[in-house]
Amino acid sequence: MDFTQVSLTALRVFRAVAEQGTFTAAAVSLGYTQSAVSRQIASIERAAGTELLERRRDGVRLTAAGHVVMRRATVVLDEIDATARELSGLPGQAGTVRLGWFPSAGAVLLPEALSELRRTDPGLHVVSREGSTPALVRALRAGSLDLALLAAAPPFRAPDAESPPLALETLTERALCLAVPAAHPLARGDHVDVTALRGQRWIAGSATGGDRLLGVWPGLDERPDIAHTARDWLAKLRLVAAGCGLTTVPASLAAAAPPGVRVLPVRGGPQEQRRLLLARLPHPPADPVTRVAAALRAAARA
C-alpha cells in the first residue's frame, strides 16, 4: 500500500491512540468502536510497512517510525483544521493556542490568565481542555496541544521518558495543604499536626495510571479510611464542607474553597511540596504561544 493514500481518518485515529495511550480510550474519545480503531491503525501500519505503535501491557508507545508519522500527521491535520476554521470565519491557526490543564489549575490560575488575555490581547484565540498530567503529556507529544499546565510531586522526575525531553518551566512550588470542615476539631488552630491525621476519614480519588491515592495525606503509617471517592476537586471540597471527611489540596486552591472549609498547612513531618509546571515541545514556540505562556507566568506570580 502507498503511504500517500492514507486517509485523514486514519491519521486522526492514529493521533488519538498516541494521545490517549490505549486503543480503548481512543475509541471512546472518537466515538468509534475499538475494532474500527484497530482497523484504522492496521491500515496505516500496512501503508508505512512497519509498526508505528509498540503494544505494551500498560498501553501503547510510539516507535521511531511512529514519531516520524506523528510529526508529519500533526502538520497535515493542523492545516486541515486551520482551513476549516478560515472557511467558517473563525480565527486562523496563527492566532490560536491549544492549552491543556490539570483540574485544580482551572480553579484560579487559568481563569485569571484568560481574563487578562481577553483584556490585553483580544485577537488571540485560546482553546483549552482539562486532563490528567499523563494525558496532557501524551497530547503534547501528539501535537494536539501547544502548552500544558502539569502537576508534579516529589521526586520531581521528568513527566515522561520520551526524547527529546519536554521544555519545562516551574511556575510555582508550594506546600500541599489540608482541607478540613470548619466545624472539625482540627480547624481550631492555624495548622494541623501530622500526628493528628491518624484515624481520620478521607475523601480521595485514584491517580490516573497508578494506585497512588489523591486526597490522602502522603506517608501515613496506617491504611487510610476512605469515606468517599471523587475525581472532581470541587466535589471533594463540597464533601469536606458537608463534614464528610478531610482531603488534601494545593495551596493555590485556598482562595477557591467553598464556605464551611478551612485550608490549613500541615506541620510536624516532611514538607510535601507540589509544583505547577508549564510544558511544551522543545522547539522554538510561535509568538501566540509565547504570549499565552507570559500570561500564565504572570497569573502564577500574582
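## A tour from pocket to loops

Start by selecting four elements: α4 (64–87), β3 (96–101), α6 and α8 (287–301) each supply at least two residues to the lining of the second largest pocket. The names follow DSSP runs numbered from the N terminus, where a helix is H or I over at least four residues and a strand is E over at least two.

Before going further, here is how to read this model. It is predicted, so local features need pLDDT of at least 70 and side-chain atom pairs count only at pLDDT 80 or more, while totals for chains, interfaces and linings use all residues. Residues are numbered from 1 along each chain as its sequence is written, and side-chain values use heavy atoms, with hydrogens and water left out.

**Stop 1: the whole protein**

Zoom out. The protein has eight helices and 14 strands, and its C-alpha trace spans about 70 × 45 × 30 Å along the principal axes. Of the 302 residues, 42% are buried. Here buried means under 20% relative accessible area, exposed means over 50%, and partly exposed is in between, using a 1.4 Å probe and protein chains only. Contact means heavy atoms within 4.5 Å. Among contacts with a separation of 6 or more, 70% join residues 24 or more positions apart.

**Stop 2: the second largest pocket**

Now go back to the pocket. Rolling a probe the size of a water molecule over the atoms shows where empty space is left. On a 1 Å grid over the protein atoms alone, using a 1.4 Å probe, a pocket is an open set of points with protein on both sides within 12 Å along at least five of seven lines, and lining residues have an atom within 4 Å of a point. The second largest pocket holds about 760 Å³ of space. That volume is the space filled by probe spheres set on the points, which are joined across faces, edges and corners.

Which residues are the closest to the centre of this pocket? Select T74, R98, G143, L281 and H283, out of 28 lining residues. α4 gives the most to the lining, with seven residues. The lining divides into 14 nonpolar, seven polar and seven charged residues. In this scheme Ala, Val, Leu, Ile, Met, Phe, Trp, Tyr, Cys and Pro are nonpolar, Asp, Glu, Lys and Arg are charged, and the others, Gly among them, are polar.

Click on T74, which lies in helix α4. Is T74 buried or exposed? T74 counts as buried because its relative accessibility is 11%. Beyond its neighbours within four places in sequence, T74 is in contact with R15, A142 and G143.

**Stop 3: helix α6**

Next, select α6. Seven of its 10 residues are buried, so α6 is largely enclosed by the rest of the structure. The buried ones are T133, L136, V137, A139, L140, R141 and A142. They pack against α1, α4, β3, β4 (125–130), β5 (147–152) and β14 (273–280). Just after α6, G143 takes a positive phi of about 85°.

The axes of α1 (residues 8–20) and α6 (residues 133–142) come within 7 Å and cross at roughly 145°. Each axis is a line fitted to C-alpha atoms, for helices over the stretch in contact, and angles run from 0 to 180 degrees between N-to-C directions. R15, A18, E19 and Q20 of α1 meet A135, R138, A139 and A142 of α6.

**Stop 4: the largest nonpolar core**

A nonpolar core is a set of buried Ala, Val, Leu, Ile, Met, Phe, Trp, Tyr and Cys residues joined through side-chain atoms within 4.5 Å. In the largest one, which has 24 residues, F14, V17, F23, V37, I41, I44 and L53 touch the most other members. Two or more residues come from each of α1, α2 (23–30), α3 (34–48), β2 (59–62) and α4, and α1 gives the most, with seven.

**Stop 5: two loops**

Finish in the loop between β5 and β6 (167–181), where P155 is found. The peptide bond from P154 to P155 is cis, with omega near 10°. P164 is found in the loop between β5 and β6 too, and the bond from S163 to P164 is cis, with omega near 0°. F156 has a positive phi of about 55° although it is not a glycine.

Last, select A255, in the loop between β11 (247–250) and β12 (261–264). A255 is exposed, with a relative accessible area of 73%. A255 and V108 are 147 residues apart in sequence and 7.9 Å apart in space, C-alpha to C-alpha.
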